[in-house]
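Me: I am new to this structure and would like to know what lies behind the words used for it. Please set each label against its cut-off.

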Amino acid sequence: MSGSQPRPGEISFAHNGVLFLDELPEFQKVALEVLREPLETREVVISRAKGQASFPAGFQLIAAMNPCPCGYLGDPQKACQCSAEQVRRYKRKLSGPLLDRIDLQIEVSSQKTERLFENPPEDENLSTEKIRQQVIQARSIQQHRQGKPNARLSASEMDEYCSLNKQEQDFMTRLCDKLGYSARAVHRILRVARTLADIDEDKDIQQKHLAEAVHYRKLDREPG
């Protein structure tokens with residue numbers, strides 16, 4: 001989107017779709033920081049001498065990264081070759097404000113080679129179709145309750161739709177004070193917890209939903 005005539009970039013091309021960034025820390029930090037505002041406002045505003053241009057940017061961000069520069073930190077099969085300082089520098093490429101805007105941060109462990117050739121277990125609880133139906137049902141609940149997905153709730157709307165009972169408020173306060181979450185991260189946690197409650201078809205957000213939502217923010221809990 002450089003030059004005197006602004007043009008849509010990759011995040012606008014991903015509007016109403018998915019923007020996948022592989023090897024996230026390898027992108028230039030300035031490029032990653034530019035994502036922060038569109039993730040909140042769902043648009044990109046470019047200012048030039050001749051005026052401003054606005055482009056839609058309502059994308060679903062999905063990103064992947066290694067646990068360290070060599071990729072083997074925590075691997076049971078192969079030893080990591082990185083120093084502690086190299087690991088810290090690698091993870092510091094992702095700023096706190098950017099991580100605040102990423103709802104789910106999970107670790108996927110490596111698999112043994114033989115697992116790649118095994119047939120998936122015939123477990124109804126893990127079936128893709130059952131998960132799909134849960135997602136459809138949860139989205140239907142959200143649409144009926146508030147007319148939009150939980151991810152689109154504003155701060156004022158969250159006061160109504162993501163309110164907590166006294167016991168859950170105390171639990172969340174203790175947890176967030178201990179982990180040092182920002183206000184933005186707390187709002188993200190509440191939206192995810194509301195979605196987990198919808199999947200369970202629970203009217204109220206319970207402690208188990210809050211705990212699971214926090215569990216999905218792994219990078220927030222790691223030392224910098």
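This is a predicted model: local features need pLDDT of at least 70, side-chain atom pairs count only at pLDDT 80 or more; totals for chains, interfaces and linings use all residues.

Me: Why is Ser 95 called buried?

Reply: Buried means under 20% relative accessible area. Ser 95 has 12% relative accessibility, so Ser 95 counts as buried. Ser 95 is located in the loop between helix 4 (84-91) and helix 5 (96-100). Leaving aside residues up to four places away in sequence, Ser 95 touches Lys 29 and Glu 33.

Me: What makes Ile 62 partly exposed?

Reply: The label partly exposed covers values between the buried limit of 20% and the exposed limit of 50%. Ile 62 has a relative accessible area of 40%, and therefore Ile 62 is partly exposed. Ile 62 belongs to strand 4 (residues 60-63).

Me: Which residues form a nonpolar patch on the surface with Ile 62?

Reply: Val 18 and Phe 20 form the patch with Ile 62, and together the three have about 290 Å² of accessible area.

Me: How do you know that the buried residues of helix 10 lie on the same side?

Reply: The buried residues of helix 10 are His 209, Leu 210, Ala 213 and Val 214. They cover an arc of only 135 degrees around the axis, which puts them on the same side of helix 10. In general, an α-helix has 3.6 residues a turn, so residues three or four places apart point the same way.

Me: Which residues touch the most other members of the largest nonpolar core?

Reply: Ile 205 and Leu 210 do, in a core of 20 residues. Helices 7, 8, 9 and 10 each supply at least two residues of this core. Helix 9 gives the largest share, seven residues. A second, separate core has 19 residues, among them Leu 32, Leu 39, Ile 46 and Phe 55.

Me: What does Ile 205 touch, not counting residues up to four places away in sequence?

Reply: The contacts of Ile 205 include Cys 162, Leu 164, Leu 190, Ala 193 and Leu 210. Glu 168 and Arg 194 are also among the residues that Ile 205 touches.

Conventions. Residues are numbered from 1 along each chain as its sequence is written. Side-chain values use heavy atoms; hydrogens and water are left out. A nonpolar core is a set of buried Ala, Val, Leu, Ile, Met, Phe, Trp, Tyr and Cys residues joined through side-chain atoms within 4.5 Å. Buried means under 20% relative accessible area, exposed over 50%, partly exposed in between (1.4 Å probe, protein chains only). Helices (H or I, at least four residues) and strands (E, at least two) are DSSP runs, numbered from the N terminus. Contact means heavy atoms within 4.5 Å. The arc is that of the directions from the helix axis to the C-beta atoms. Patches are made of residues with over 30% relative accessible area and no salt bridge: like charges are joined within 9 Å, nonpolar side chains (Val, Leu, Ile, Met, Phe, Trp, Tyr) within 5 Å. Accessible areas come from the Shrake-Rupley method with a 1.4 Å probe; for residues, only the protein chains shown count as cover. A salt bridge is a side-chain nitrogen of Lys or Arg within 4 Å of a carboxyl oxygen of Asp or Glu.
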